[in-house]
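Look at the sequence and the model shown here.

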Amino acid sequence: MNHDTLLNISSTALYAAFILYLIAIVPFSASIKAKRKGSERIAVILTAVGFIMQLVYFVTRWLAAGHAPVSNMYEFLTMFGIMMVGGFLVINAIYHTPILALFSLPVAMLVIVYASMFSHDVSPLIPALQSNWLAIHVITVTLSYGILSVSSIAGLIYLLRYVDSSKKSKDAFWLEVVMYFIVLVIAFILTTIVMKGIVHYEDNFFYTDKNGRDAVASYHLPALITFKDAIPVNPNGDNQWKETKHFMTGIEVPPVLNAQKLTTVLWSIIIGSILYALIRLIARRTIFSMVKPLTTKVSLPMMDEIGYRSVIIGFPLFALGGILFASIWAQIAWSRFWGWDPKEVWALITFLFYAIFLHLRLGRGWEGKKSAWLAVVGMGIILFNVIAVNLIIAGLHSYA
């Protein structure tokens with residue numbers, strides 16, 4: 001098969017996986033209250049077939065590209081979604097907990113949709129990426145992310161079941177804060193999808209990047225923040241630009257930060273906060289109290305065990321992929337094991353966090369509620385690494 005045929009098969013397989021996950025949510029929802037396992041079996045089969053379709057996407061894109069499809073943001077996020085579903089299927093095969101699917105699948109689907117907003121083009125690898133360590137490092141890291149995400153979801157379900165929504169408490173307050181941040185993340189993804197994928201809004205700004213080279217930044221939302229001394233421009237054909245007028249607030253940042261992505265984040269906070277306020281105003285109660293009924297039949301000891309076991313599996317994988325394999329590859333590509341690049345720093349923070357998690361769990365007896373809170377915080381750290389560090393902070397890993 002030729003290059004274009006393989007890419008078409010790849011895209012179709014990923015789309016089919018998304019549809020299958022969307023359908024699977026229905027029988028998973030029915031299985032929560034059903035006494036028989038029929039709905040759950042149908043849902044698991046649909047999810048498993050969807051996962052196979054994602055693997056078809058991965059293999060055919062690898063064949064088309066000639067290298068592991070993990071070299072840009074589209075491929076990285078799609079791989080993250082694959083591993084998240086894979087992590088759920090493994091845990092579900094052991095514990096048979098369909099409630100995990102009602103949280104895992106929507107997140108994986110949002111990741112897939114968000115990934116689709118980035119370029120799907122297959123490009124030759126830059127010299128630093130032309131190594132077998134690309135596949136080894138990134139696949140191991142995303143696998144660990146997928147499993148650790150299951151831990152976080154189990155922790156969130158534990159808290160939703162454990163915390164009393166009818167009483168005011170610190171746990172209830174902070175759980176609602178978590179719900180608020182989930183709304184912000186959803187707003188971030190939806191804002192990107194609508195403005196970039198549907199509206200096709202675009203403003204361009206000419207600026208000088210952190211390496212002193214001329215560059216053009218494309219905004220898909222009105223520019224709240226621009227690069228220092230940026231000039232608004234419009235395309236004038238043949239890679240030529242002419243100065244024009246675009247909306248600008250006058251707030252500028254140095255090119256070490258990604259101004260257009262930072263603008264998207266700020267718009268997402270604004271839109272997400274409005275969305276959260278509307279939900280609260282219409283429902284007249286907290287979001288977590290609305291979600292809580294889904295967890296009525298949840299076994300707290302089982303959720304606690306799933307959260308812990310997922311970290312036991314995911315943490316060593318992250319240590320291998322995110323620290324050891326990354327250091328070996330960094331030595332090969334850049335002639336140093338460690339360079340305090342933003343992504344390297346956050347990988348170290350992630351490693352230390354889960355090391356502390358296991359120390360507190362095993363050494364200090366932090367089980368149940370305390371362990372669940374740590375798992376939820378861990379998801380925040382992973383999302384910050386995937387979204388903020390990859391997109392907003394300029395560094396050697398900005399391509400990922």
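**Cavities, a pocket and a histidine**

In this predicted model, the lining of the second largest cavity takes at least two residues from each of H6, strand E2 (214–219) and H7. H6 contributes the most, with 4 residues. The volume of the second largest cavity is about 130 Å³. It is lined by 13 residues, and those closest to its centre are Thr192, Lys196, His220, Lys261 and Thr264. By class, this lining holds 5 nonpolar, 6 polar and 2 charged residues. In the whole structure, a search finds 4 cavities of 30 Å³ or more.

Next comes the largest pocket, with about 1500 Å³ of space. Its lining has 45 residues, and Phe181, Ile182, Val183, Val185 and Leu383 lie nearest the centre. Several helices each supply at least two lining residues, among them helix H3 (73–95), helix H5 (133–162), helix H6 (170–198), helix H7 (259–283) and helix H11 (369–391). The largest share, 12 residues, comes from H6. The lining of the largest pocket has 42 nonpolar and 3 polar residues, and no charged ones.

Is His246 buried or exposed? Its relative accessibility is 16%, and buried means under 20%, so His246 counts as buried. Leaving aside residues up to four places away in sequence, His246 touches Asp203, Asn204, Phe205, Pro232, Val233 and Asn234. With Asp203 there is also a polar contact between the two side chains, at 3.4 Å.

Definitions and conventions
Residues are numbered from 1 along each chain as its sequence is written. This is a predicted model: local features need pLDDT of at least 70, side-chain atom pairs count only at pLDDT 80 or more; totals for chains, interfaces and linings use all residues. Side-chain values use heavy atoms; hydrogens and water are left out. Buried means under 20% relative accessible area, exposed over 50%, partly exposed in between (1.4 Å probe, protein chains only). A polar contact is a pair of N or O atoms within 3.5 Å; within protein, one must be able to donate a hydrogen and the other to accept it, and residues adjacent in sequence count only if both atoms are side-chain atoms. Contact means heavy atoms within 4.5 Å. On a 1 Å grid over the protein atoms alone, a cavity is a set of points where a 1.4 Å probe fits but cannot get out, and a pocket is an open set with protein on both sides within 12 Å along at least five of seven lines; lining residues have an atom within 4 Å of a point. Grid points are joined across faces, edges and corners, and a volume is the space filled by probe spheres set on the points. Ala, Val, Leu, Ile, Met, Phe, Trp, Tyr, Cys and Pro count as nonpolar, Asp, Glu, Lys and Arg as charged, and the others, Gly among them, as polar.
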